[in-house]
Amino acid sequence: MTVGAVLYSPALRSDTDAMTERIVPLISAEAIQTRVDALGAQISADYAETGSLVVVSVLKGSFLFCADLVRKIDLPLRIDFLAVRSYGEATKSSGIVQIVHDLSRPIEGEDVLLVEDIVDTGLTLAHVIELLKTRRPRSLKLCSLLHKPARTKVEVPIDYLGFTIEDKFVIGYGLDGPREHYRNLPYVGVLAGE
Ligand code: IMP
Ligand code: MG
């Protein structure tokens, strides 16, 4: 028996199995790619004088967005990754952010573009930005695919924004979902009933 046949055996399927969940598309793959093209063009123009760029993808949520975005930036750049985990209640401004995977190289004197999947309360990004500023980059800007302004706890300036969305838990296109599934969807959606 193949592995696939075991994974998709009806006998092994629980009530919350992916097969039983319904996803309502919110932002289509085409709309995302159109927006990514525009953001890439804008970033390329804005940094044309700067010459080079360090793109920092905040994992895991931004991995697809960042992969698409960098292919639309027409400049010499290097890519680094930062993985963070938030502790405590997300609604508390004292929420602590732990670095799970740090940048591979210093960013002192560099022009850094942080790439994030979504700015929700803003708490995670506020901490990440404070931390990265202590490393004295020449400049530090933020590009986020999504913004949920209804949930803002800390104002984080977003220099490049894909889409503003309502207060709904969204999944797909790299974003976290139930059991960490659905990151591989090419579009952003909402679970039916959310
Ligand atoms: P914060 O509330 O702005 O600190 O959000 C922290 C992180 O939670 C974001 O960068 C996302 O990775 C994740 N997150 C927030 N809202 C959503 C959502 O609707 N779907 C999936 N992940 C989310
Ligand atoms: Mg994130």
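Modeller: Let us start at the ligand: an N or O atom in the side chain of T121 lies 2.5 Å from an oxygen atom of ligand 1. A polar contact is a pair of N or O atoms within 3.5 Å; within protein, one must be able to donate a hydrogen and the other to accept it, and residues adjacent in sequence count only if both atoms are side-chain atoms. This is a predicted model, in which local features need pLDDT of at least 70 and side-chain atom pairs count only at pLDDT 80 or more, while totals for chains, interfaces and linings use all residues. Side-chain values use heavy atoms, with hydrogens and water left out; residues are numbered from 1 along each chain as its sequence is written, and chains are lettered from A and ligands numbered from 1 in the order in which they are written.

Colleague: Which side chain has an N or O atom 2.9 Å from an oxygen atom of ligand 1?

Modeller: That side chain belongs to K148. I118 approaches through its backbone, with an N or O atom 3.2 Å from an oxygen atom of ligand 1. The protein covers 83% of the 500 Å² of accessible area that ligand 1 has on its own, where areas come from the Shrake-Rupley method with a 1.4 Å probe.

Colleague: Which residues come nearest to ligand 1?

Modeller: A residue is near a molecule if one of its heavy atoms lies within 4 Å of it. Of the 15 residues around ligand 1, T121, G122, T124, K148 and V170 come nearest. By class, the shell has 6 nonpolar, 3 polar and 6 charged residues; Ala, Val, Leu, Ile, Met, Phe, Trp, Tyr, Cys and Pro count as nonpolar, Asp, Glu, Lys and Arg as charged, and the others, Gly among them, as polar. The largest share of the shell, 4 residues, comes from β5.

Colleague: How are β5 and β6 joined?

Modeller: Helices (H or I, at least four residues) and strands (E, at least two) are DSSP runs, numbered from the N terminus, and two strands pair if DSSP finds at least two bridges between them. Here β5 (residues 111-119) and β6 (residues 139-147) run parallel, joined by 8 bridges; V112 has L140 of β6 as its bridge partner. With helix α4 (residues 123-133), these strands make a right-handed β-α-β unit. On its other pairing, β6 meets β7 (residues 160-164) in the parallel sense over 4 bridges, and S144 stands opposite L161.

Colleague: Which strands form the open sheet, and in what order?

Modeller: Strands of a sheet pair through backbone hydrogen bonds, either parallel or antiparallel. The open sheet has 3 strands in the order β1-β9-β8, with antiparallel pairing. β1 (23-27) and β8 (170-171) are at the edges, each with a single partner strand, so one side of each is left without a neighbour in the sheet. Between β8 and β9 (residues 188-191) there are 2 bridges, and I171 is partnered by G189.

Colleague: Where does R183 lie?

Modeller: R183 is in the loop between β8 and β9. Its relative accessibility is 13%, so R183 counts as buried, and its side chain makes a polar contact of 2.9 Å with that of E180.

Definitions and conventions. Right-handed = clockwise from strand over helix to strand, strands pointing away. Buried < 20%, exposed > 50% of the residue type's maximum accessible area, 1.4 Å probe, protein only.
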